[in-house]
Amino acid sequence: MSDIAAYVAEEPQCRDHLVTEYAPLVKRIAFHLASRLPASIQPDDLIQAGMIGLLDASRNYSASHGASFETYAGIRIRGSMIDEIRRNDWAPRSVHRKMRAMSEAVQRVESTKGVSARESEIAEEMGIPLEEYYQMVRDISGHRILSFEDVGLNENIVGSGITDDSMNPEASLQAQDLKDIVTKAISSLPQREQMVLSLYYDEELNLREIGEVLGVSESRVCQIHGQALIRLQTRVGTRPEKKKGKKS
């Protein structure tokens, strides 16, 4: 058992000190996330939600999670912040309608051609000019530049092997199954979309920094990111349901 794990397990009364020590982590995550969101999302609101996640982490951390307390706490803090944003959905209904329409167009094109749909093909399927399609993607990405939560997933489901002890065995199996599905879906994306997702979620670069890496404009990165999320929503959201056995 690590020193922190023992500290939490044997000295519950000292958890307040642990929370105080890692409070700066909450602020760092809050300001990093706020920099990727509209100005209407206030860092103070994210910090408040993040502190709840930190408290939760201090109560539930175990060395069996396979990660340091800081790594584990960071996941719980970020998750708590994203939950708070989702509870106060700030995306206009028009954004949701656009994303749904684009996802359906991607599905139709890819089911017909059997390969990743090009942007021009999606625009043609929707019956709109390519520039109008690009603007729709920018609108969507500008409002939904959060995480894999945007496609009904948790961004920690990819890349992290850390599990939550609060999950029951069935939920843990479902989470692993979904992780496998998402990993496969991401690997099927066009290479540039995979790279943008990796740089954005794994390396935590902002859109401008990603643009510098790829040698394209920030606006173009925004388009690629939005397109990747739409494609993921299509491929993961339309996966076949497992058949349930009949009750005797």
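1. In what follows, a helix axis is a line fitted to C-alpha atoms over the stretch in contact, and angles run from 0 to 180 degrees between N-to-C directions. The model under discussion is a predicted one.

2. As to overall make-up, the protein contains eleven helices and zero strands. Of its 248 residues, 43% are buried. Where contacts join residues at least 6 apart in sequence, 68% of them link residues at least 24 apart.

3. The pairing of helix α3 (residues 43-60) with helix α4 (residues 69-87) deserves attention. Their axes come within 7 Å and cross at roughly 140°. Angles over 145 degrees would count as roughly antiparallel; α3 and α4 are therefore oblique to each other. The crossing of the two helices is right-handed.

4. On the α3 side, the contact is made by L46, A49, G50, I52, G53, L54, D56, A57, S58 and N60. From α4 come F69, Y72, A73, R76, I77, S80, M81, E84 and I85. By class, the residues of this contact comprise eleven nonpolar, five polar and three charged.

5. Helix α9 covers residues 191-202, twelve residues in total. From its first C-alpha to its last, α9 reaches 16 Å, close to the 16 Å expected at 1.5 Å a residue.

6. Which residues of α9 are buried? They are E193, V196, L197, L199, Y200 and Y201. After α9 comes E204, which has a positive phi, near 60°.

Key:
Residues are numbered from 1 along each chain as its sequence is written. This is a predicted model: local features need pLDDT of at least 70, side-chain atom pairs count only at pLDDT 80 or more; totals for chains, interfaces and linings use all residues. Side-chain values use heavy atoms; hydrogens and water are left out. Helices (H or I, at least four residues) and strands (E, at least two) are DSSP runs, numbered from the N terminus. The expected span of a helix is 1.5 Å times one less than its number of residues. Buried means under 20% relative accessible area, exposed over 50%, partly exposed in between (1.4 Å probe, protein chains only). Angles under 35 degrees count as roughly parallel, over 145 as roughly antiparallel, 65 to 115 as roughly perpendicular and the rest as oblique. A crossing is left-handed if the near helix is turned anticlockwise from the far one by less than a right angle, and right-handed if clockwise. Contact means heavy atoms within 4.5 Å. Ala, Val, Leu, Ile, Met, Phe, Trp, Tyr, Cys and Pro count as nonpolar, Asp, Glu, Lys and Arg as charged, and the others, Gly among them, as polar.
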